[in-house]
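Student: I have not looked at this one before. Can you walk me through it?
Tutor: Here it is; ask as you go.

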Amino acid sequence: MARMARKNLDGKYFHIMVQGIAQENIFLNDNAKGYYLSCLQKFKSKKPVGIFAFCVMDNHAHLLLSAENVAVIAAYMKIVNSEYARYYNNENNRIGYVFRDRFKSEVIQDEKYLLSCLAYIHNNPAKAGIVKKSEDYRFSSYTNYLTKRGIVDFDEAKKYYDITPSNIKAIMKERSHSDWLKHDDNVEEDEEKVLDELVIKYGLSKAKLEEDDEKLVAAARELKVRCGLSIRKVANILAVNRERLRKLMSIPPSL
């Protein structure tokens, strides 16, 4: 049975999922996956963030991070994803957004949840059929725990659970078949909820949508990608002229 210390998590641990815009394969090769991991390592020295687990797949990545609050997580993810976006666009001779504008985050509430999240993240490649055994996937922190090398913050992690390879394997054995987490990387979001978020995020109003092309396009792109909507539907929701919106969205966005 897996062993762990008894600690109060205090809402400082977060499961993060980032995804390529329109489910694009933004981590398609080993170099790309490796570069994203280097970004995670590079910028954790600039923000007080701890890394407990990660798994970088072709079109998304899962992370288990610790920080004082979600604002620190948001600042960290912003610089990590911005750096990777520059790399990705340069490598692929493209411009524009690379990630979905908003990453998904979930607070880890208790110790059981923490271990389940650890196993869920490590089991992603096997669940997707990429490898037969989770430990065979190179771009997951599972190998960090088994070799005691990598970007995981081992000194912090061992305060909460036994990080010996045998115990990490026990955690995986106990919890790898759990469907506890409801993140579905391809599920479209509810348009009303997304619109409510965008009203706050961009300060949307009828006047703003008529006068500020940049905010209109930013809000329209989020609605389109996150909810899987056509431009016609987006225009109807935002109550703007469809042809005006179509022309504006045909212009590639800058980072």
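Student: Which residues of β3 are buried on one side, and which on the other?
Tutor: In this predicted model, H60, H62, L64 and S66 are buried on one side of β3, and A61, L63 and L65 are buried on the other. Both faces are therefore covered, and with seven of the seven residues of β3 (residues 60–66) buried, the strand is largely enclosed by the rest of the structure.

Student: What order do the strands of the sheet come in?
Tutor: The order is β2-β3-β1-β4, in an open sheet of four strands with antiparallel pairing. The edge strands, β2 and β4 (104–107), each pair on one side only. From one strand to the next, the twist averages 15°.

Student: How many bridges join β1 to β3?
Tutor: Seven, with β1 covering residues 13–19. Within that pairing, I16 has L63 as its bridge partner.

Student: And β2 with β3, how many bridges there?
Tutor: Six, again antiparallel, with β2 spanning residues 50–56. V56 stands opposite A61. The two strands are joined by a hairpin through three residues.

Student: What about β1 and β4, how many bridges?
Tutor: Four, in the antiparallel sense. There M17 stands opposite K104.

Student: OK, helices. Where does α1 lie?
Tutor: Helix α1 (residues 30–43) lies across β1, β2 and β3, and runs at about 170° to β2.

Student: Which residues of α6 are buried?
Tutor: In α6 (residues 165–175), they are N167, I168, A170, I171, M172 and R175.

Student: What covers them?
Tutor: The cover includes α3 (111–127) and α4 (142–147).

Terms used. Residues numbered from 1 in each chain as written. Predicted model: local features only at pLDDT ≥ 70, side-chain atom pairs only at ≥ 80, totals over all residues. Heavy atoms only, no water. Buried < 20%, exposed > 50% of the residue type's maximum accessible area, 1.4 Å probe, protein only. Pairing = 2+ DSSP bridges. Contact = heavy atoms within 4.5 Å. Axes fitted to C-alpha atoms, helices over the stretch in contact; angles between N-to-C directions.
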